Amino acid sequence: MKLFSVFGAAIGILFIINVQHVLSQSGAAMPGLRDPVRVQRDDRGIPYIEAKNEYDLYFVQGYVVASDRLWQLDLLRRLARGETAEIFGRMTLEQDKRWRRFGFAKVATESLIKMGPEISLALRAYSDGVNAYISALPDDKLPREFQILRYKPRPWEPADSLVIGKILADALSSTYQRDLQRLAISGMPADKIADLTRTVTPFDVVLFGKDSKPAGRVSEVAPRQNDIDWSEQLFKDNELREASLRSVGLFAEDLAASNNWVISGKRTASGKPILANDPHLAPAAPGIWYMAHLSIPGVKAAGVTFPGTPGIVLGHNEHIAWGATNVGPDVQDLYAETISDGKAITPSGPKNVRTRIESIRFRANPADPSLSTEELSVTETDNGPIILSQGDRSYSLKWTALDPKNNEVEAFFLINRAKNWDEFRMALRSYGGPTQNFVYADAKGNIGWQVAGAIPIRRVGDGALPYDAGKTDGDWIGMIPFAELPFLYNPPEGFIMTANQRIVGTDYKYPQMSRDAAPPWRARRLYELISADAKATLDGSEAAQFDNLNIPLKMFAADLAGMNVLDEATLNALKKWDGRMSITSTTATYVNEVRNCFGETIANAFRPATAAAVRERVLYWAVRDRSSRWLPSTFKDYGELAKYCDAQTVEKLSKKYSADRETWNWGKEAASSFPHPLAQAPLIGTLFVTPKAGLNGSGQTPNVASYVSMRHIVSPGDWDKKRFVIPLGQSGDPSSKHFRDQFGAWSSGKTPIFPFTAAAVKASAVSDITYLPK
């Protein structure tokens, strides 16, 4: 976020301070504890918390997370609640309005009421721990962001932990814009619509079912309001959404987020299974993950969690390990509303709409903490809030994330305690967050995969297009039953791999599962690597996480060379290129730009097709086959288009770097970037500087460069050999040695060990503190 351009030197010279941990001496009394709690930390600052009861465990987890990430905690809850303008001013006011329309604060409060007693206790304990840290922190020791922005954090509430989960829902399950994109192309020729919406490719890695029947056509619902151009409003919403999600490290472009796999001991050198996971989310400082090791009698778990969430989200316990990637099914629907005189037309007749008034406070001057108020009127129908309107036309949004029954926290609390496959699956029955591919491996040698999440079943169709609110076609008549969600357990292939690809065949009952799946490129490359290795090792899985072979660009380079219309030097470079997005490769940069040019030029010629849809669903075969259907009329053949895009690319890269092609190395395009929300502020921005270095990889390779938000590789049973790393560090304080101390290991492929057993933890500890009840 480019914030605070109006902040002057007075703000810039403030507060060059060191944030201290409170109660840092051994044997210190901590108000609120019931029994002594031991906290060891290793040389990366990872806390190993050992308590005698659940309340104390989560109390101290909240306390130590706050000691490292207090401002991040506050920013996350403010974002989801639509309160960032209180600290950033008008520049984020429109973002706050977007979040307020969803009403997540109310949803979180209602979800809390529905929680069982055990998770309620954990949420309360975590909240008490955060507040114990806040209350013990002198004003002059507040994290520097609070001091720069001149405000104090209010007490944490259990509902804050739940509302943060709604940011994940927006990042990983927001699909309604695709409904309007499909509506926009509904007037194109049928063959082009089929090309743009085709989900089946020769590169797919399907896990469940088969492609035994043709893929469904997007035609079962009559288009609604397709005479209106919504592109301006959609563009604005996209900008607001991306800016806010990037500010907290949770933007996932096209919902494509993560790789994971499990390999049976039958295919490993050790005879024990291997689980690997690397989620892909927007880079930010600090990162979205926090590493922790939690222990009470009967439960010991380690891995990563989101700041604000009690327990471990991804990792392992003494019995099982788990990881997750996004599935991206359609869990949102738009309804074309007819509203007149305060009443909406429904299948049962006119009904009064509801109006919710949101009072949004903001700083008129970012440097002045005094607040003004602006009111936002949100109209709601039985389907949900109105999120788009133009003249007398409007769309309401129905979304699983707006149902208080669906929460993102409870399942992880139960998974932390699961001892086997059956208990793991039972825990996932309660999962209501963005639908995930959960992979599983246990110390007994079993591997598995389970899709989990709330996915609606419509009365008619599968939600590909908007519905008419005056009809019953778009009614949600239930969710896909858990028993019908895809899963595998000890498959004969001996491994399971997901990378956001289409996971179900065309014979699967519910096409909304994978209609909007990510392109197959990462999945296909990982399948090639894993299937070829009959004696898999942890080193092999780490190498796969760092692999940078780009399948679509390698094919595209061969197609370009085959046209034989470019100059000799370029042709030789294309023929010699190995398809790898390596730091030093100049051909990678060139091919990537030419491919982008092809996609944009073709899309511009066939509006309203989008460049992204053309690149990922059309280009790989249209260029190969020289398809006349997709050749813009301004070019006589694809060779002429290639020469045009070659010239455009040379001009662009020469301006960006220099005319010397040796300066076009990919490392400049894929340089590491971890922006802090205050990094753009005059003078003080330098306090939040993060490493800038060239990285291997791209969006179509297993290694997605800066977007790798953590890496995890483990062999169940050999817990002390577990490898775990996050991009920067545990601390959110830029003056701390743990603010960016993991960058070298994260970027180099030398993932450090994250110990687990008591002996290994003790050997790695550099501090050992016991907190006592007061």
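Residues are numbered from 1 along each chain as its sequence is written. In this predicted model, local features need pLDDT of at least 70 and side-chain atom pairs count only at pLDDT 80 or more, while totals for chains, interfaces and linings use all residues; side-chain values use heavy atoms, with hydrogens and water left out.

**Exercise 1. Describe how α18 packs on α21.**

Step 1: Locate the elements. Helix α18 covers residues 586-605, and helix α21 covers residues 638-656. Helices (H or I, at least four residues) and strands (E, at least two) are DSSP runs, numbered from the N terminus.

Step 2: Take the geometry. The two axes lie 9 Å apart, at an angle of about 120°. Axes are lines fitted to C-alpha atoms, for helices over the stretch in contact, and angles run from 0 to 180 degrees between N-to-C directions.

Step 3: Classify the angle. α18 and α21 are therefore oblique to each other. The cut-offs are under 35 degrees for roughly parallel, over 145 for roughly antiparallel, 65 to 115 for roughly perpendicular, and oblique for the rest.

Step 4: Assign the hand. The crossing of α18 with α21 is right-handed. A crossing is left-handed if the near helix is turned anticlockwise from the far one by less than a right angle, and right-handed if clockwise.

Step 5: List contacts (heavy atoms within 4.5 Å). The α18 side includes Tyr590, Val594 and Phe598; the α21 side includes Leu641, Cys645 and Leu653. By class, this contact has eleven nonpolar, four polar and three charged residues. Ala, Val, Leu, Ile, Met, Phe, Trp, Tyr, Cys and Pro count as nonpolar, Asp, Glu, Lys and Arg as charged, and the others, Gly among them, as polar.

**Exercise 2. Describe the contact of α16 with α17.**

Step 1: Helix α16 (residues 551-563) and helix α17 (residues 568-576) cross at roughly 145°, and their axes come within 9 Å.

Step 2: Their crossing is left-handed.

Step 3: Ala557, Leu560 and Ala561 of α16 touch Leu571, Leu574 and Lys575 of α17. The classes are five nonpolar, no polar and one charged.

**Exercise 3. Find the partners of strand β2.**

Step 1: Strand β2 spans residues 37-42, and five of its six residues are buried. Buried means under 20% relative accessible area, exposed over 50%, partly exposed in between (1.4 Å probe, protein chains only).

Step 2: β2 runs antiparallel to strand β27 (residues 765-773), joined by six bridges. Two strands pair if DSSP finds at least two bridges between them. Here Asp42 has Ala765 as its bridge partner.

Step 3: β2 also pairs with strand β3 (residues 47-50), antiparallel, over four bridges. Arg38 faces Glu50 in β3.

Step 4: β2 and β3 make a hairpin with four residues between them. Gly45 in the turn has a positive phi of about 80°.

**Exercise 4. Locate the cis peptide bonds and positive phi values.**

Step 1: Recall the background. Most residues other than glycine have a negative phi, and most peptide bonds are trans.

Step 2: Ala285 and Pro286 are joined by a cis bond, with omega about -5°. Pro286 sits in the loop between β5 and β6.

Step 3: Arg607 and Pro608 are joined by a cis bond, with omega about 10°. Pro608 sits in the loop between α18 and α19.

Step 4: Asp341 has a positive phi near 55° and lies in the loop between β11 and β12. Asp341 counts as exposed, at 77% relative accessibility.

Step 5: Ala705 has a positive phi near 60°. Ala705 is buried, at 8% relative accessible area.
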